[in-house]
Amino acid sequence: MEDQAHQTGPTAGPGHEQRWAELADLVLIISREIQFRGYTDERAVPLSPSEGMVMRYLQREPAAPPSRIADATGLQRTNLSTILGGLERKGLVERRADPGDGRGVTVHTTERGRANYALVRQEWAAAVSEAADHDTEHLDAALTLLTAVETGLARMRPRNRATRPAAET
């Protein structure tokens with residue numbers, strides 16, 4: 001008998017819709033719970049979800065023009081400008097003149113921004129690990145699946161804003 005729990009590709013269709021919906025619900029709930037907890041370390045700088053998206057991107061790409069950040073995060077350029085201003089006031093990023101084109105700017109993480117990201121990731125790891133009773137049996141499979149989902153959703157993101165984003169809960 002075929003293991004329905006591990007079907008992938010074109011055979012994963014309507015019969016699995018309810019389980020995919022459950023996964024989406026759980027991801028949203030887990031995300032909210034992580035944010036709701038806050039941080040135990042007083043050095044941690046709390047961020048809005050949009051600020052967090054920008055900082056996550058800048059960990060992989062420590063210097064990038066705002067247009068690239070907006071494309072990668074799905075944020076509108078006008079909103080990104082406000083977010084970058086907030087991150088600058090918190091000392092987590094800085095804008096510098098683009099050396100190749102004096103008219104443009106690149107956004108750079110600061111040492112404080114890198115340290116804050118490392119600190120909050122440690123707190124997230126501790127909280128999530130404790131919530132799962134430190135059970136790592138399916139951790140690699142979960143990471144593989146969630147990475148594929150994140151990559152696929154980013155690839156499928158509408159390029160225009162004709163579709164309305166889901167409301168934050």
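This is a predicted model: local features need pLDDT of at least 70, side-chain atom pairs count only at pLDDT 80 or more; totals for chains, interfaces and linings use all residues.
Local features were taken at pLDDT of at least 70 and side-chain atom pairs at pLDDT 80 or more, whereas totals for chains, interfaces and linings use all residues. Residues are numbered from 1 along each chain as its sequence is written, and side-chain values use heavy atoms, with hydrogens and water left out.

An open sheet is formed by 3 strands in the order 1-3-2, with antiparallel pairing. Strands (E, at least two residues) and helices (H or I, at least four) are DSSP runs numbered from the N terminus, and two strands pair if DSSP finds at least two bridges between them. Strand 2 (residues 93-98) pairs with strand 3 (residues 101-109) over 6 bridges, and a hairpin of 2 residues joins these strands. Within this pairing, Val-93 has Thr-109 of strand 3 as its bridge partner. Strand 1 and strand 3 are paired over 2 bridges, also in the antiparallel sense; here, Ala-63 is bridged to His-108 of strand 3.

Asp-133 is located in the loop between helix 5 (111-131) and helix 6 (139-156). Asp-133 is exposed, with a relative accessible area of 67% (exposed means over 50%, with a 1.4 Å probe and protein chains only). Together with Glu-130, Asp-135 and Glu-137, Asp-133 forms a negative surface patch, in which residues have over 30% relative accessible area and no salt bridge, like charges being joined within 9 Å. A salt bridge is a side-chain nitrogen of Lys or Arg within 4 Å of a carboxyl oxygen of Asp or Glu.

Definitions and conventions. Patches are made of residues with over 30% relative accessible area and no salt bridge: like charges are joined within 9 Å, nonpolar side chains (Val, Leu, Ile, Met, Phe, Trp, Tyr) within 5 Å. Accessible areas come from the Shrake-Rupley method with a 1.4 Å probe; for residues, only the protein chains shown count as cover. Lys and Arg count as positive and Asp and Glu as negative; His and the chain ends are not counted. The place of a charge is taken as NZ of Lys, CZ of Arg, CG of Asp or CD of Glu. Buried means under 20% relative accessible area, exposed over 50%, partly exposed in between (1.4 Å probe, protein chains only).
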